[in-house]
Amino acid sequence: MSGADGRDLGRHAERFAALARANITRAYPYAPQHLLRGPEDLVPPRTYHPAFYGSYDWHSSVHMHWLLVRLLRRCPDRVPTGEIIDVLDGHLTAAQLTAEADYLRAHPSFERPYGWAWLLALTAECRSLDGDLRAAGERWAEALAPAADAVAELLCGWLGKAAHPVRHGVHANSAFALGLILDSAPAAGVAALTEPVERAVMDWFAHDCDAPAHWEPSGQDFLSPALTEAEAVCRVLPREEFATWLERFLPGLAHSAHPTLLNPPVVTDPADPQIGHLLGLSLSRAAALRRLSAALPDDDRRVPVLDGAARDHLAAGLPHAVTGDFTRDHWIATFAALALDGPPG
């Protein structure tokens, strides 16, 4: 698949940028994840989350901020750069992100691990801006540093006591978050996370075999348990070792032996908030299949199978990235960007 130079993403950049700007500044509807211990806790979301108060929920707000920075980095000539900088300058301030960091530390299981991973991805993306945008990126990354440090501390604490991974296909999925963190940690200024995260990936997944891919998808997945695990492992193992591991984990891929994994899911009601997750599954699978193909030797017989499945999933999911329905529009474009343009970082 093409797109590594940003040209595929560029065709959608203007629409994605407009959507993301609208999302992160839209205070309602919002789904708070804050435990109410008394009436004093019943306050507007912006009280607790002065930076990430929009886009329906905290993690969606964080990754919609990431989407804007990614578009600045990859397609600056296709988006209204000045307007994006203005809105990010209004959100990614030292005071507001210190408040977000304080909230994370006070609520150590909040957004674990999905939102944590996206916070590091956002920080890494800011640090990756260069040229005329370098100063803005450095400004935002410096402001994000306390929150990134909070995530690093919380992540290490969690990994120290997590005896088992979470393997289902929604937010708490361990493999997706760990993979995103491996992509992002060095550029996010928390490179020390790489070793414990790689160790967790190997402890949890290195000996897995015969993944039950025929169980996928579950009815509200937006992540593939099997593919997120394989993605995490391919970040850690050398190419030849990964090729051998993948044959144990998903045997028969070269012969399209896993049709429920390689074919896009059936989505009967795109507007249903949970069934609609399957639209995002098409896009997250497209990104995962693309990465797995790139992680294999060039002459591996699984490469064309994975590439073809990635194209099919992208074609199924991409038309739903911008629809005018906030149920989908508050999050899916982020996964479209991953499918079009490759991993964060």
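1. Let me start with Ala187, which is partly exposed because its relative accessibility is 28% (buried means under 20% relative accessible area, exposed over 50%, partly exposed in between, with a 1.4 Å probe and protein chains only). Please keep in mind that this is a predicted model, where local features need pLDDT of at least 70, side-chain atom pairs count only at pLDDT 80 or more, and totals for chains, interfaces and linings use all residues. Residues are numbered from 1 along each chain as its sequence is written, and side-chain values use heavy atoms, with hydrogens and water left out.

2. Ala187 sits in the loop between α9 (174-184) and α10 (194-205); helices are DSSP runs of H or I, at least four residues, numbered from the N terminus. Not counting residues up to four places away in sequence, Ala187 touches Ala124, Arg127 and Ser128 (contact means heavy atoms within 4.5 Å).

3. Now to helix α14 (residues 277-295), which holds Arg285. Arg285 is buried because its relative accessible area is 1%. Leaving aside neighbours within four places in sequence, the contacts of Arg285 include Glu216, Pro217, Thr260, Asn263 and His313. A polar atom of the Arg285 side chain lies 3.0 Å from the backbone oxygen of Asn263.

4. Helix α4 (residues 58-74) is worth a look too: its 17 residues reach 24 Å from first C-alpha to last, close to the 24 Å expected at 1.5 Å a residue (the expected span is 1.5 Å times one less than the number of residues). Of those 17 residues, 15 are buried, so α4 is largely enclosed by the rest of the structure.

Conventions. Helices (H or I, at least four residues) and strands (E, at least two) are DSSP runs, numbered from the N terminus. A polar contact is a pair of N or O atoms within 3.5 Å; within protein, one must be able to donate a hydrogen and the other to accept it, and residues adjacent in sequence count only if both atoms are side-chain atoms.
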